[in-house]
Amino acid sequence: MTEKEILDELGRIEVRTGAERTIKSYVLRSNTLDDGQRRLVCDQYENYCVGFHDGFIDPHSLFKDPSKEVIVEIGFGMGTSTQVIAQERDGYNYLCLEVYLQGFVKLLRDVSAKGQENIKLMRFNAVDVLERMIPPSSIAGFHIFFPDPWPKKRHHKRRLIQSGFVHLLATRLVKGGYIYCVTDWEEYAQWMMEVLSGEELLENPFGGFCPPVAWRPMTKFEKKGLDKDYVINELWFTRI
């Protein structure tokens, strides 16, 4: 790919435009790269990144070792926990989705510096990726850590965890696959519990919130919440 093709691909993050646009769960922040970031992206894009493709693919085929099951992380932020989890749970491949450009570039820099071959990055709207690229019954798990709680009632429609989206996730899971969500916003935790519990393709093996998962590292963001006495709620649902 040429530099222009790579940068054009990186700048295109959704399928629907204009009147077709749906409610977004995210707000785009800085959308510019400095010279060093641009060089990094152009040098490493084809090694560690995946462009959007309108048509089902085998997600295993994206990785050097296609025998490993695939985990999808939605909204990895700065990617700190993503990289640690991928190192410690290296029996899986990780397809990581994020629209925040600075976080995308940071994780790209980190994984390319360490040569982590079980991580691929996409800068694209997760709904489009799951609807159009990822076939049913192909994903071993979804990680959704600290999604924007959109706390104001008039903004609840922008929350990522909605019944339609959860059903989409469930259809993409293999039997026994999981959805693992974490939030420090108590009301959103209850919202998540209600929505996930209402999906007939899923079951809750814990009967409520799950105990802390040992392999998920604590981030600076999470520690700030704990310092403010926020309660961390974790949810784990599996595909029936």
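Select Glu98 to begin: with a relative accessibility of 9%, Glu98 counts as buried, a word that here means under 20% relative accessible area, with exposed meaning over 50% and partly exposed in between (1.4 Å probe, protein chains only). What you have open is a predicted model, in which local features need pLDDT of at least 70 and side-chain atom pairs count only at pLDDT 80 or more, while totals for chains, interfaces and linings use all residues. Residues are numbered from 1 along each chain as its sequence is written, and side-chain values use heavy atoms, with hydrogens and water left out.

Glu98 sits in the loop between β2 (92-97) and α4 (101-114); helices (H or I, at least four residues) and strands (E, at least two) are DSSP runs, numbered from the N terminus. Show the residues around Glu98 and, not counting those up to four places away in sequence, you will find that Glu98 touches Gly75, Phe76, Gly77, Phe104, Met122, Arg123 and Phe124, where contact means heavy atoms within 4.5 Å. A polar atom of the Glu98 side chain lies 2.6 Å from the backbone nitrogen of Gly77.

Next, select Glu73, Glu98, Asn125 and Asp148 together, since the UniProt annotation "binding site", from an unreviewed entry, covers these residues; UniProt positions are given in the numbering used here, feature names are shortened, and annotations may be inferred rather than shown by experiment. Within this group, Asn125 is placed in the loop between β3 (119-122) and α5 (126-132), and Asn125 is buried, with a relative accessible area of 8%.

Move on to helix α3 (residues 80-88), whose buried residues are Ser81, Thr82, Gln83, Ile85 and Ala86. These buried residues pack against β1 (69-74), β2, α4, β3 and β4 (139-145). In strand β4 select His143, which is buried, with a relative accessible area of 1%. Apart from neighbours within four places in sequence, Ile179 is in contact with several residues, including Phe142, Leu196, Leu235 and Trp236.

Then select Asn233, which is placed in strand β7 (residues 233-239) and counts as buried at 8% relative accessibility. The side chains of Asn233 and Glu186 are joined by a polar contact of 3.0 Å, a polar contact being a pair of N or O atoms within 3.5 Å, of which, within protein, one must be able to donate a hydrogen and the other to accept it, and residues adjacent in sequence count only if both atoms are side-chain atoms.

Which residues line the largest cavity? Select Glu9, Leu10, Arg12, Tyr45, Val50, Gly51, Phe52, Met122, Arg123 and Phe124 to see that lining. A cavity is a set of points, on a 1 Å grid over the protein atoms alone, where a 1.4 Å probe fits but cannot get out, and lining residues have an atom within 4 Å of a point. The largest cavity has a volume of about 40 Å³, a volume being the space filled by probe spheres set on the points.

How values were computed: On a 1 Å grid over the protein atoms alone, a cavity is a set of points where a 1.4 Å probe fits but cannot get out, and a pocket is an open set with protein on both sides within 12 Å along at least five of seven lines; lining residues have an atom within 4 Å of a point.
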